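Subject: Structure handover

Dear colleague,

Here is the structure for your files. My notes on it follow below the model.

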Amino acid sequence: MKKYTRIFQGTAFSSKSPKEVNILKDYLFCINEDGMIEKVAGPEDEAYQELLGTYSGEANFHRLAEGQYFLPGFVDLHVHAPQWAQSGTALDLPLYDWLNTYTFPLESKFSDLQFAENVYQDLVSTLLANGTTTALYFATIHKEASLLLAEICAKKGQRGLIGKVVMDDPEQNPIDYRDENTDQAIKDTEEFILAVKELAEQVKQGVYPVVTPRFIPSCTDNALKGLGELAAKYDTHVQSHCSESDWAHGSVRERFDKNDAFALNDFGLLRDKSVMAHCNFLSDDDVDLFAETGTAISHCPISNAYFANSVIPIAHFHEKGVEIGLGSDVSGGFSPSLFDNARQAVMSSRMLEDGVNPNLPSEGRGVPSSRITINQAFYFATAGGGESLSLPIGRLEENYVWDVQVIDTNIASAKLPIFNKEEDLLDIFQKIMYLVRPENIREVWVQGDLVHSR
Ligand SMILES: [Zn+2]
């Protein structure tokens with residue numbers, strides 16, 4: 001019989017489709033030395049008993065206790081790593097003021113590598129403890145501190161996709177927090193890409209460089225063009241913000257007389273491995289362009305409630321065939337948990353569907369067919385995130401990586417209300433999605449290795 005590195009036995013939840021969750025009751029997951037799921041076997045499968053006979057009782061056999069379940073690790077498609085240091089503050093300001101009075105002064109401090117190290121170590125550990133096994137990060141404009149974030153992800157076992165932020169326009173950015181000039185911004189980005197690619201050669205779970213114009217309003221045309229060329233030259237991921245708020249959307253329209261999506265595409269920034277944050281104000285033509293180019297939307301529901309001036313019609317966009325994942329948008333979103341964001345994604349969609357102004361008649365109050373279910377929010381947090389990044393992550397299936405969170409519903413301090421031993425497993429899944437707290441996340445595995453336990 002084939003030698004597997006580890007075998008896990010337990011009940012798992014994984015998306016079958018955007019709206020359906022697959023329940024894998026008491027399954028075996030066989031993991032190879034690369035950390036991939038090489039074989040999945042259910043109790044009815046031929047190999048099941050033989051596998052059990054060979055492996056149970058061995059040191060590499062892991063069986064979940066009663067009340068424990070496997071979920072795929074979460075994929076967070078939008079995190080501003082430096083902003084962890086201000087999470088939860090200043091959320092009463094509008095976006096423009098929030099950036100200029102809080103965020104840019106904070107981010108400028110990351111020229112200090114010791115400060116960067118303190119914040120980044122804490123953030124990566126916190127995200128892992130919240131079940132996030134892959135994160136797409138904006139760092140800051142500083143090449144060295146951005147590389148430090150990649151090294152910390154590598155060491156702690158998280159799959160990190162990291163961007164050195166570009167914001168080069170002297171008219172639009174504060175004097176003490178912007179790239180020195182356009183050429184330097186492109187040169188630093190290229191050196192950063194090469195350094196992360198070199199680091200990646202030693203990292204089992206992978207770290208990836210990401211071309212990262214902060215957003216169109218902070219970049220010159222030449223920088224946007226140069227970044228598009230770098231993304232093509234090195235076939236990297238790309239991330240930015242797109243049509244986030246009235247102000248951001250409007251300022252791009254004013255500058256180019258077209259929507260953000262088409263402007264980004266003109267610079268070669270919409271590609272299969274592109275992920276654009278927010279995207280609240282996409283038109284149907286913008287959405288079609290996303291679908292054609294393979295560009296994904298990072299939906300950041302908590303942040304949107306503060307800064308986006310609207311609820312994104314996420315069900316409509318998904319129906320049109322765009323890849324969608326979830327983003328915490330720390331710290332525009334205060335919570336580092338994708339459980340919290342999945343909950344908010346459902347609640348916001350319900351408010352869009354029903355409408356929010358009680359003075360309007362019910363027929364004209366909302367936007368019909370806008371709601372998503374918790375199953376869909378789970379899909380966005382897992383499989384949808386994986387598709388957005390074009391990586392084999394987010395599903396508990398053969399040929400996907402073993403990135404999982406072990407959820408314990410029996411923790412004394414955070415016990416889930418399960419009183420019936422025969423309770424329907426889909427009901428348990430929903431309780432997990434709505435009620436889990438970090439205490440319930442007992443173990444987190446990335447690429448076959450344990451990276452967090454409590
Ligand atoms: Zn953002």
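One aromatic cluster is formed by Phe 8, Phe 29, Phe 70, Trp 402 and Trp 445. Please keep in mind throughout that this is a predicted model.

Aromatic pairs come next. The structure holds 21 of them. In one, the ring centres of Tyr 4 and Tyr 55 are 6.2 Å apart and the planes meet at 45 degrees, so this pair is tilted. Tyr 4 sits in the segment before strand S1 (6-15) and Tyr 55 belongs to helix H1 (residues 47-55), so the pair ties together parts that are 51 residues apart in sequence. Both Tyr 4 and Tyr 55 are buried.

Another pair is made by Tyr 96 and Trp 247. Their ring centres are 5.2 Å apart and their planes stand at 70 degrees; planes over 60 degrees apart count as edge-to-face, so that is the class of the Tyr 96 and Trp 247 pair. Tyr 96 is in helix H2 (residues 95-108) and Trp 247 in helix H7 (residues 246-256), so parts 151 residues apart in sequence are tied together by this pair. Tyr 96 has a relative accessible area of 44% and is partly exposed. Trp 247 is partly exposed too, at 33%.

A ring also takes part in a contact with a charge: the charged end of Lys 415 sits over the ring of Phe 419, 5.8 Å from the ring centre.

Now the metal site. Which residues coordinate the zinc ion? The NE2 atoms of His 78, His 80 and His 241 do so, at 2.1 Å. Along the chain, the donors follow the spacing H-x1-H-x160-H. Buried means under 20% relative accessible area, so His 78 counts as buried at 1%. His 80, with a relative accessible area of 3%, is buried as well.

On the nonpolar cores: the largest has 65 residues, and the members that touch the most others are Leu 71, Phe 290, Ile 297, Phe 339, Ile 432 and Met 433. Helix H13 (residues 374-389) supplies the largest share of this core, 7 residues. Another core, of 29 residues, lies apart from the largest one; among its members are Leu 106, Ala 116, Leu 123 and Cys 153.

Two single residues remain.

Leu 161 is part of strand S8 (residues 159-163). With 0% relative accessibility, Leu 161 counts as buried. Beyond residues up to four places away in sequence, Leu 161 touches Thr 134, Ala 135, Leu 136, Tyr 137, Tyr 208, Val 210, His 237 and Leu 389.

Asp 122 is found in helix H3 (residues 113-129). Its relative accessible area is 41%, and Asp 122 is partly exposed. The C-alpha atoms of Asp 122 and Ala 85 are 9.5 Å apart, and the two residues are 37 residues apart along the chain.

Regards

Notes: Residues are numbered from 1 along each chain as its sequence is written. This is a predicted model: local features need pLDDT of at least 70, side-chain atom pairs count only at pLDDT 80 or more; totals for chains, interfaces and linings use all residues. Side-chain values use heavy atoms; hydrogens and water are left out. Rings of Phe, Tyr and Trp (its six-membered ring) pair if their centres lie within 6.5 Å; planes under 30 degrees apart count as stacked, over 60 as edge-to-face and the rest as tilted. Helices (H or I, at least four residues) and strands (E, at least two) are DSSP runs, numbered from the N terminus. Buried means under 20% relative accessible area, exposed over 50%, partly exposed in between (1.4 Å probe, protein chains only). A charge sits over a ring if NZ of Lys or CZ of Arg is within 6 Å of the ring centre and within 35 degrees of the ring normal. Donors are N, O and S atoms within 2.8 Å of the metal (3.2 Å for Na, K and Ca); water is not among the atoms, so sites may look incomplete. A nonpolar core is a set of buried Ala, Val, Leu, Ile, Met, Phe, Trp, Tyr and Cys residues joined through side-chain atoms within 4.5 Å. Contact means heavy atoms within 4.5 Å.
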